[in-house]
Each structure stands twice: as C-alpha cells, then as structure tokens.
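Me: I'm new to this one and would like to go through its pockets with you. Can we take it step by step?

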2 protein chains.
Amino acid sequence: MSMNERVLYELAAADPQLRFSPYCWRVRLALLHKGLAVRTVAWRFTEKEMIAFAGTDKVPVLVDGSRVVHDSWRIAEYLDEAYPAAPLFGDAAARGTARFVARWIESEIQPRMLRMIALDIHSRLDARDRDYFRRTREARLGETLEALHASRETRLPALRAALEPLRRTLAEQPFVAGAAPRFADYAVFGAFQWARLMSEVPLIEPDDPLTAWRARMLETFGASIQA
Amino acid sequence: MSMNERVLYELAAADPQLRFSPYCWRVRLALLHKGLAVRTVAWRFTEKEMIAFAGTDKVPVLVDGSRVVHDSWRIAEYLDEAYPAAPLFGDAAARGTARFVARWIESEIQPRMLRMIALDIHSRLDARDRDYFRRTREARLGETLEALHASRETRLPALRAALEPLRRTLAEQPFVAGAAPRFADYAVFGAFQWARLMSEVPLIEPDDPLTAWRARMLETFGASIQA
C-alpha cells in the first residue's frame, strides 16, 4: 500500500461486504463524520496474522499513512488529534463523558444483544470463522448458541428495559451528544448496526424513541451505512 | 428575603441539617463548583405549600434574586448561563452527554438503591413525612418497606453489577467527565450521598474503583459535603 493511503481493517461476514463489528462501525462513522476517505479491508476473526503488524489480534485497525492505530477509542482520539476539524468529541468534558457512554453500551447492552443474536451471527459468518466463534462465545456465555437462540424472546424485555437511559435521553434531545451526533452516538449506533445487519430480531419497537434516533442516524449518513 | 439573596430549598430529614435528596446534592455541588454562596432552607416532603410559589411540588428549588428555577437539570443550565465561569457542562456535546449520565443514574441505579435503603430513609425522616413516604414508595415499589429491607442483601450483587459502566470509566480516568469533575459527576455523586447519608448499607466495596472516585469527590469538596 502507498505510504499516504488510509486503510481500515474491518470484521467481515461470509459476504465480504457485510461488515458487522460494532467497534468497526464506530470508526467507519467517525471517518464519515470527518469526511475522510478510507479503503476498507475485509478481515475475519481467524486471520490474526493479517493484523499482527498492528500489535493486536482485534479490529478495527486503522493505517493512516505511516501511523497504525488500533482500538476504536484510541482511533477516535487519534483522528481528533490529526484532523481537528469536525471534532468527534468536543471539549475535555465531552470526551470524558463520551467514554462513559461507550463503556455503558459495552457492558450493559452489547452482552444482552449478543445472547439474542449469537446464532444469527454464526449463520452469517465465513465458514473458516464458525468454529472459532462458536467455541469462544459458548465459553464466554456458558450456553450453546442454539440454547441462547431458543430462549431469546424471553430476554427481549430485559434488553429493552436496559435501554431506558438512552430512551429518556433521546426523548429530550435528538442525539446522545445533544443537537448533533458525535462519537457518543457512534458508540451506541455501532451496537445497533451489529444487531440490525446480523439478525432479524426486532430489538426495539417502532414507537420507541430509539427508532426515531436510529432513523435520524441513517438519514445523516445515508447510503454509506445502509448496507 | 432580600431581592439579591440566593436560596436553595433542600429536602431534609428529622435532623434539619441532614439534607439527603440526590437531586438537591447535584445543585449543592454545582453551587460549590462555581463558588456561589447560598442560604439553604430545610424542606420536608409534605410542605408542598412552601414551594408552591415556584410552580412545583418538588425540590430542589433555587431562588436567585428575582429568578426562581426548579429541577436540578434546569438549575444547572441556568447557572451556566448566569455564571459562565467554571462551567458545569462545557460545550454542547458535553452537556448532551451529561444528560445521558444523569438519566442513567436515575433509571438504572437510584431505583435499585431505593429498594435497599427505603426503610433506612423512613427511619430518619421527620415524623410528619413518614406516612407520606411509606404510602408513596410502597405504591411505587410494590412491597412494604420492611419486606424490601429484609431482602436487601440479595439485591446487592445486582446493584454492584449495574454500576459496571461507571466502574470501567473510573478505571480509565479520575472523574466521570474526565480529568476534573463536572455536572456528570455531581449527578452520579448525588445518588451516593443520598445512600451514604441515609443508610449504613455498604453499597460499594473498599477496593472498588468507585470508592477511590468517591474519596476524590469528598476531597475536592471537603467539609462542605461531609455532613
């Protein structure tokens, strides 16, 4: 690759155009937010050697000319340093508080979503990733993917209840970060993209304030994130 | 009162110096943050007529000269408008995201805390407030205060688990808002003051990152909030 090229390694499903990692979506939206072009590379869970140069075994990995950055949070901080226009965070308090939002979606929502969509994810994965995904997720979740799938309807009310702080916030303002979307929105939206792209399960109801927010996000970013 | 006086109506227990509302603590800390002096007035749940002039039946109510503001969030916004030095929020994204933190502590944490400390609160209330508190809270919670108290130990693990996004955030930075405390911290801290002042139940363990954060907050504000 050219020294000046910008490349984002993204987790892909069997369909290489189906990019589904919530963390990769954060970065994709951050780049769109800043109007920065990027070439994306499909990466699968088991292709650890492909990203070993970045000193990690997980995506997203961003290569920006001679800079290599991994971890969605650190990539966002890097982008705000390198390209200060159209800030992803804002002031120091905005960045600090956005971290709370990111940790909330990671600890309170994504694990609940995963229990509902894990088998759907598995069915969309590239063949070489399936055993890896099943083994690691069944160990983490303590149940088979099929058992999780069979009981998913019973867990839907708890997931919807856990979204209450987001619902209350979005009933008062159009975006998590206020009047316009920022990285706090992208951290939350990544989780919904993950679920929407990999599963048919309706996690939120049509009249939920979250549905209107998701529509505003899709409208803001248009065709770039409809995939 | 003088037209230029600043007065904060705060919920008080039987001991009029024991001010325990999580929402009133937000405002007390906001005023300390800005270095604004205030005269506080003890108010009890059943003294609705005392604050009727403010068009509300709940505290906090702030009277700032000729301005009357109620609701802790609106008071914070008013203070940042009227006294821009030492901002409580920061930029628009910081304010938007702080709202999420406030709604999170209100929807996910305070209801769990209330179930654990409701009988302790009742025992510290002024005699004239006890029937009101029991009737309204038992209706809201669907159990007697005594039944909630008897089972509180069984609910402690779920409360501690629900604090995980806060714990993860404070393992990475000293305050919810980053390097220094802002309104997001005061919204969270108000809940812990409420529980700490009204109950002996140890909601967080000594080695929890939240304990160190609470100590930093107490150190920042010193004797003003040790009561």
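**Pockets and their linings**

Reply: In this predicted model, α3(A) supplies the largest share of the lining of the largest pocket, namely eleven residues. Local features need pLDDT of at least 70, side-chain atom pairs count only at pLDDT 80 or more, and totals for chains, interfaces and linings use all residues. Residues are numbered from 1 along each chain as its sequence is written, chains are lettered from A in the order in which they are written, and side-chain values use heavy atoms, with hydrogens and water left out.

Me: How much space lies in the largest pocket?

Reply: About 1200 Å³, where the volume is the space filled by probe spheres set on grid points joined across faces, edges and corners. On a 1 Å grid over the protein atoms alone, a pocket is an open set of points where a 1.4 Å probe fits, with protein on both sides within 12 Å along at least five of seven lines, and lining residues have an atom within 4 Å of a point.

Me: Which residues are closest to its centre?

Reply: Of the 46 lining residues, the closest are A:Pro22, A:Tyr23, A:Glu106, A:Gln110 and A:Arg140.

Me: What classes does that lining have?

Reply: It has 24 nonpolar, six polar and 16 charged residues; Ala, Val, Leu, Ile, Met, Phe, Trp, Tyr, Cys and Pro count as nonpolar, Asp, Glu, Lys and Arg as charged, and the others, Gly among them, as polar.

Me: And the second largest pocket, what is its volume?

Reply: The volume is about 760 Å³, and among the 31 residues that line this pocket, B:Tyr23, B:Lys58, B:Val59, B:Arg137 and B:Arg140 lie nearest its centre.

Me: Which helix gives the most there?

Reply: That is α3(B), with six residues; helices are DSSP runs (H or I, at least four residues), numbered from the N terminus.

Terms used: Helices (H or I, at least four residues) and strands (E, at least two) are DSSP runs, numbered from the N terminus.
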